[in-house]
Amino acid sequence: MKAPRQAAVLVPLTLLVLLAPTVTACDAPPPRDPAAPPAPSPSASASPAALTPRPLRIPRIPAGGGCPVTVPRPWSGPGVATAVLGDGPVYPVADYFRDGTVLELRPEDRGPDGSYVKKVRWISAGYIGPVLVRAARIDGKGTASSRFSYTGEERHGGHHAELTSPTSDLPGTTTVGGPGCYVLQVDGTTFTTTVVFRAA
């Protein structure tokens with residue numbers, strides 16, 4: 001009677017010994033193929049392009065001098081615009097400025113903090129890569145900024161975005177603290193351009 005009872009105990013123990021390596025193998029990570037490329041580092045940049053911010057080019061205004069606004073240029077390139085501002089290849093559309101040079105400030109554009117937010121569209125033609133848009137007042141104290149509405153983020157004291165198409169239509173906004181003379185600077189990996197406008 002004792003022999004069968006001992007056999008019954010030994011069978012489950014044998015099964016446990018046989019299954020143990022299988023369970024351990026399931027928990028261990030699979031062996032890595034030596035030919036496979038290394039896994040990307042979590043800190044690696046998602047963008048292959050790099051943009052080093054350049055100093056802001058703020059025009060000097062002589063005492064008693066006016067605002068040296070950028071003259072609009074007719075536009076026949078991609079996108080919907082009759083005129084643009086600056087040398088490009090990323091341009092604010094002049095159609096959003098009165099007479100092409102004046103950002104018109106209306107009471108309904110004024111926010112709770114007293115600044116004015118205006119719709120200004122941008123066009124990019126012939127450029128792929130990162131851009132940085134910054135703004136500043138040049139005739140006194142005051143704040144200013146410009147941003148694209150659907151792409152990019154705040155970085156380096158301005159708005160940074162990656163343009164992935166050689167032609168881009170970029171809705172955006174420009175914010176100023178009040179009436180005055182302002183500059184927009186756009187930096188890319190291959191260019192820097194400035195635009196001067198007046199807000200009134």
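Tutor: Leaving aside neighbours within four places in sequence, Asp-187 is in contact (heavy atoms within 4.5 Å) with Leu-51, Arg-54, Pro-130, Val-131, Leu-132, Arg-134 and Thr-192. This is a predicted model, where local features need pLDDT of at least 70 and side-chain atom pairs count only at pLDDT 80 or more, while totals for chains, interfaces and linings use all residues. Residues are numbered from 1 along each chain as its sequence is written, and side-chain values use heavy atoms, with hydrogens and water left out.

Student: Is Asp-187 buried or exposed?
Tutor: Asp-187 counts as buried, because its relative accessibility is 0%. Buried means under 20% relative accessible area, using a 1.4 Å probe and protein chains only.

Student: And which side chains does Asp-187 make polar contacts with?
Tutor: One is the side chain of Arg-134, at 2.6 Å. The side chain of Gln-185 is another, at 3.2 Å. A polar contact is a pair of N or O atoms within 3.5 Å; within protein, one must be able to donate a hydrogen and the other to accept it, and residues adjacent in sequence count only if both atoms are side-chain atoms.

Student: Where does Asp-187 sit?
Tutor: In strand β13, residues 180–188. Strands are DSSP runs of E, at least two residues long, numbered from the N terminus.

Student: New topic: what's the strand order in the open sheet of three strands?
Tutor: β5-β12-β8, with antiparallel pairing. Two strands pair if DSSP finds at least two bridges between them.

Student: How many bridges link β8 and β12?
Tutor: Five, with β12 covering residues 172–176. Ala-144 stands opposite Val-176 in β12.

Conventions. Helix = DSSP H or I, 4+ residues; strand = E, 2+ residues; numbered from the N terminus. Buried < 20%, exposed > 50% of the residue type's maximum accessible area, 1.4 Å probe, protein only.
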